[in-house]
Amino acid sequence: MADTLEKFPCFYTFKVFGRRSAEFVERVRALVGATLGEIPSDSMKVRESQHGRYVSVSIFARVESREQLARVYEDLRADEEVILYI
């Protein structure tokens with residue numbers, strides 16, 4: 001992560017993909033919020049795939065440090081419901 005172009009603090013967009021379920025969006029919100037604090041619903045965008053099997057969750061949030069960014073990505077990587085994140 002040391003070679004990222006971001007200067008901190010900054011606003012950052014997390015994009016997370018998973019199988020569509022009733023819990024997935026809130027699960028992603030909780031994962032990101034565990035490090036960054038409460039994520040307001042107006043900071044999130046949810047989009048279903050064409051056939052409705054998958055969902056993407058975009059979260060726009062303030063990140064205070066490179067360590068926070070790394071922690072969020074570690075949490076996303078460790079979650080079995082998360083298929084892909086960028």
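Me: In which strand does R19 lie?
Reply: This model is predicted; local features need pLDDT of at least 70, side-chain atom pairs count only at pLDDT 80 or more, and totals for chains, interfaces and linings use all residues. Numbering runs from 1 along each chain as its sequence is written, and side-chain values use heavy atoms, leaving out hydrogens and water. Strands (E, at least two residues) and helices (H or I, at least four) are DSSP runs numbered from the N terminus. R19 lies in strand β1.

Me: Is R19 buried or exposed?
Reply: Buried means under 20% relative accessible area, exposed over 50%, and partly exposed in between (1.4 Å probe, protein chains only). R19 has 52% relative accessibility, so R19 counts as exposed.

Me: What separates the C-alpha atoms of R19 and V55?
Reply: Contact means heavy atoms within 4.5 Å. Leaving aside neighbours within four places in sequence, the contacts of R19 include F24, Y54, V55 and I83. V55 is 36 residues from R19 along the chain, and their C-alpha atoms are separated by 6.0 Å.

Me: Why does I83 count as partly exposed?
Reply: I83 lies in strand β4, residues 82–85. I83 counts as partly exposed because its relative accessibility is 46%.

Me: What covers the buried residues of α2?
Reply: Helix α2 has 13 residues, 66–78, and reaches 18 Å from its first C-alpha to its last. Its buried residues are Q68, L69, A70, V72, Y73 and L76. Their cover includes β1 (10–19), α1 (24–36), β3 (54–63) and β4.

Notes:
The expected span of a helix is 1.5 Å times one less than its number of residues.
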